[in-house]
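Let's walk through a protein model together, one piece at a time. Keep the picture open as you read, and try to find each residue as it comes up.

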Amino acid sequence: MINAAVVALSIVGQEMSAATAAHRPAPAANRPVPAPHSDVRMRNNAKPEHQSDSATQGGGTPPASPGQEPVRTSRGCCFCCLAVKSSNGGSDKSRDNKLSTMPEKDEPPTLEELKLWGESFEKLMKCSGGRKLFRDFLRSEYSEENMLFYLACEDLKKEENPELIEEKARLIYEDYISILSPKEVSLDSRVREVINRNMVEPTPHTFDEAQLQIWTLMHRDSYPRFLNSQMYKKLVQQLS
């Protein structure tokens, strides 16, 4: 009896061990093991559908909205920056005829005249021979436009015809005031503003302040160098 019971218990134990083994999961070596953190890398490398390539690159500029127009910039220019165009397109010779200057003496100066020119700038400018000699000196210093502008203003002051006043004023502005002219004279901004206002309705005195400024420049700067120049000293020595 005892032996039979032992055998029965042994059979029941074997059946329970078999049932337990059937429900046990497979060994770890047989299960597929996912790569560590692979899902993390996939999430980091994934690009949102609404993000463009240009936006992912550093410094990219987002495109404009469909209804937005591109911004355009423009640069304005004041009147003094523009060259006044000649209405008749005449030659330089015709322009010089319209801007006639004061007559200049062609014959050589006398010793008395040279001495007077050395006494004051006013005496030099009042004499046609003095103006011619001084103009030659200014040409050697590449500043002849100062004398030409001064003489053109003197001629404008004598004009009485309104149509010629307007035309001569326009030519003076184009030749000596415009920054696009190769003969532009040196004027400060205040005087240029005055000229621009005066050019709305030109008169014989449109350039009075500019003429005074150029007169002062020649008097203080060019005239002392003229008296010390070889041109003037040589003439004095020849006539002495």
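Glu174 sits in helix 9, which covers residues 162–177. Helices here (H or I, at least four residues) and strands (E, at least two) are DSSP runs, numbered from the N terminus. With a relative accessible area of 15%, Glu174 is buried. The cut-offs go like this: buried means under 20% relative accessible area, exposed means over 50%, and partly exposed is in between, using a 1.4 Å probe and protein chains only. Now look for Glu184, 10 residues from Glu174 along the chain: the two C-alpha atoms are 8.7 Å apart.

## Where the numbers come from

This is a predicted model, so local features need pLDDT of at least 70 and side-chain atom pairs count only at pLDDT 80 or more, while totals for chains, interfaces and linings use all residues. Residues are numbered from 1 along each chain as its sequence is written, and side-chain values use heavy atoms, with hydrogens and water left out.

## The whole chain

How many helices and strands does the chain have? There are 12 helices and 0 strands, so reading from the N terminus you get α-α-α-α-α-α-α-α-α-α-α-α. Of the 240 residues in the chain, 30% count as buried.

The accessible surface of the chain is about 16,800 Å², and carbon and sulfur atoms make up 55% of that. Those areas come from the Shrake-Rupley method with a 1.4 Å probe, and for residues only the protein chains shown count as cover. As for contacts (heavy atoms within 4.5 Å), take those with a separation of 6 or more: 66% of them are between residues 24 or more positions apart.

Helix 7 (residues 128–140) holds both Phe134 and Phe137, which are 3 residues apart, or about one turn of the helix. An α-helix has 3.6 residues a turn, so residues three or four places apart point the same way. Phe134 is buried at 0% relative accessibility, and Phe137 is buried too, at 6%.

The structure holds 10 aromatic pairs. One of them is Phe134 with Phe137, a stacked pair at 6.4 Å centre to centre with 25° between the planes. Rings of Phe, Tyr and Trp (its six-membered ring) pair if their centres lie within 6.5 Å; planes under 30 degrees apart count as stacked, over 60 as edge-to-face and the rest as tilted. Ring pairs also build a cluster, linking Phe121, Phe134, Phe137, Tyr150, Trp215, Tyr223, Phe226 and Tyr232.

Leu133 is in helix 7 and is buried, with a relative accessible area of 11%. Leaving aside neighbours within four places in sequence, Leu133 is in contact with Leu114, Trp117, Phe226, Met231 and Leu235. Asp136 also belongs to helix 7, but counts as partly exposed at 23% relative accessibility. Asp136 and Met231 are 95 residues apart in sequence, and their C-alpha atoms are 9.2 Å apart in space.

## The loop and helix 8

Is Tyr142 buried or exposed? Tyr142 is exposed, with a relative accessible area of 74%, and you'll find it in the loop between helix 7 and helix 8. Most residues other than glycine have a negative phi. Tyr142 is not a glycine, yet its phi is positive, at about 60°.

Next comes helix 8 (residues 144–157), with 14 residues. From first C-alpha to last it reaches 21 Å, close to the 20 Å expected at 1.5 Å a residue; that expected span is 1.5 Å times one less than the number of residues. Because 13 of its 14 residues are buried, helix 8 is largely enclosed by the rest of the structure.

## Tyr223 and a helix crossing

Tyr223 lies in helix 11 (residues 208–227) and is buried, with a relative accessible area of 7%. Beyond neighbours within four places in sequence, its contacts include Trp117, Gly118, Phe121 and Phe134. Tyr223 and Gly118 are 105 residues apart along the chain, with 9.2 Å between their C-alpha atoms.

Gly118 turns up again where helix 5 meets helix 12: Leu111, Leu114, Lys115 and Gly118 face Tyr232, Leu235, Val236 and Leu239. The axes of helix 5 (residues 111–119) and helix 12 (residues 230–239) come within 9 Å and cross at roughly 145°. Axes are lines fitted to C-alpha atoms, for helices over the stretch in contact, and angles run from 0 to 180 degrees between N-to-C directions.
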